[in-house]
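Good morning, and thank you for the time on the agenda. I would like to take you through one structure, region by region.

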Amino acid sequence: MKVKTCWLTLNRACNLRCEWCYAKETDFKASEDMPLKMAKHIIDMCVANGVKHFIIIGGEPTIHPNFFDIVKYIVKLGYKVTIVTNGLLFANEIFCEKVSAYIENVHISISLKGSNNSYYKEHCGAAAFDTVLQGIRNCKKYKIIYSLTYVLSANNIQTLDIVVQENWTEVEV
């Protein structure tokens with residue numbers, strides 16, 4: 001059996017505090033960040049064993065101190081990378097400009113947690129929904145390839161139709 005995809009967990013640190021998150025077990029500590037040297041070693045081992053695609057996750061991988069070094073390393077080797085993110089840093093245009101330098105090999109998977117700021121505040125620790133929407137707008141502006149996932153729970157399943165019908169018209173997804 002050949003492994004074609006590697007899921008690389010860079011960190012447990014996060015800029016949200018989602019009540020269901022597995023990173024809670026480590027208190028979202030930055031001390032759990034994977035060192036750059038180890039990340040490169042794992043990437044090299046994966047490549048040597050036939051991996052063609054990397055999926056970077058966290059905590060929140062975009063806040064890892066060596067995030068761009070790791071993405072650049074994978075891309076320089078000629079491989080594709082998907083970044084699973086909460087999308088908050090994509091609200092920053094400078095961040096998007098940096099990501100767009102790797103546009104040919106990078107796909108962003110933005111994980112939505114709810115349908116409004118109050119849901120995010122109550123269940124994710126920050127009123128971040130509007131920030132995520134801005135991140136989506138910026139991905140479109142910078143032609144960053146992205147997809148959206150929606151984290152369903154008993155608390156938000158009734159809002160799925162609201163997210164699909166109302167909020168996306170303003171971001172023109």
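What follows is a short walk through a helix pair, the cysteines, a strand residue and several loop positions. Please keep in mind that this is a predicted model.

I begin with the helix pair. Two packed helices are described by the angle between their axes and the distance between the axes. Here the pair is helix H1, residues 36-48, and helix H2, residues 67-76, whose axes come within 10 Å and cross at roughly 20°. An angle under 35 degrees counts as roughly parallel, and H1 and H2 are therefore described as roughly parallel to each other. The crossing of H1 past H2 is right-handed. On the H1 side, the residues that meet H2 are Leu36, Ala39, Lys40, Ile43 and Asp44, and their partners in H2 are Asp69, Ile70, Tyr73 and Ile74. Sorted by class, this contact of H1 with H2 holds six nonpolar residues, three charged residues and no polar ones.

I turn now to the cysteines. A disulfide is a covalent bond between the sulfur atoms of two cysteines. How many disulfides does the model contain? With the cut-off placed at sulfur atoms within 2.5 Å, the count is zero. Cys18 is a case in point: the nearest cysteine sulfur belongs to Cys124 and is 3.5 Å away, and Cys18 is in no disulfide. For Cys96, the closest cysteine sulfur is that of Cys139, and because the separation is 5.2 Å, the two are too far apart for a bond. Are these two cysteines, Cys18 and Cys96, buried or exposed? Cys18 counts as buried because its relative accessibility is 6%, and Cys96 counts as buried at 0%.

Let me stay with Cys18 for a moment. Cys18 sits in the loop between strand S1, residues 5-9, and H1. Setting aside neighbours within four places in sequence, Cys18 is in contact with Lys24, Lys113, His123 and Cys124. One of these, Lys113, is 95 residues from Cys18 in sequence, yet their C-alpha atoms are 8.4 Å apart.

The loop between S1 and H1 also holds Thr26. Which residues does Thr26 touch beyond four places in sequence? They are Arg12 and Glu32. Thr26 and Arg12 are 14 residues apart along the chain, with 6.9 Å between their C-alpha atoms.

Next comes a strand position, Thr82, which lies in strand S3, residues 80-85. Thr82 has a relative accessibility of 12% and therefore counts as buried, the limit for that class being under 20%. Leaving out residues up to four places away in sequence, the contacts of Thr82 are His53, Phe54, Ile55, Ile56, His107 and Ser109.

I would also draw attention to a backbone angle. Most residues other than glycine have a negative phi, and most peptide bonds are trans. Lys143 is not a glycine, yet its phi is positive, at about 55°. Lys143 belongs to the loop between helix H5, 129-141, and strand S5, 146-150. With a relative accessible area of 63%, Lys143 is exposed.

Two further positions complete the tour. Asn116 is placed in the loop between strand S4, 106-112, and helix H4, 117-124. Asn116 counts as partly exposed, because its relative accessibility is 31%. Asn116 and Met34 are 82 residues apart along the chain, and 32 Å separates their C-alpha atoms. Asp161 is part of helix H6, residues 160-171, and at 42% relative accessibility Asp161 likewise counts as partly exposed. From Asp161 to Ser115 the C-alpha distance is 9.4 Å, across 46 residues of sequence.

H1 and H2 are roughly parallel and pass each other in a right-handed crossing. As for the cysteines, the disulfide count is zero. Thank you; I am glad to take questions.

Technical notes. Residues numbered from 1 in each chain as written. Predicted model: local features only at pLDDT ≥ 70, side-chain atom pairs only at ≥ 80, totals over all residues. Heavy atoms only, no water. Helix = DSSP H or I, 4+ residues; strand = E, 2+ residues; numbered from the N terminus. Buried < 20%, exposed > 50% of the residue type's maximum accessible area, 1.4 Å probe, protein only. Contact = heavy atoms within 4.5 Å. Axes fitted to C-alpha atoms, helices over the stretch in contact; angles between N-to-C directions. Parallel < 35°, antiparallel > 145°, perpendicular 65-115°, else oblique. Left-handed = near helix turned anticlockwise from the far one by under 90°. Nonpolar A, V, L, I, M, F, W, Y, C, P; charged D, E, K, R; others polar.
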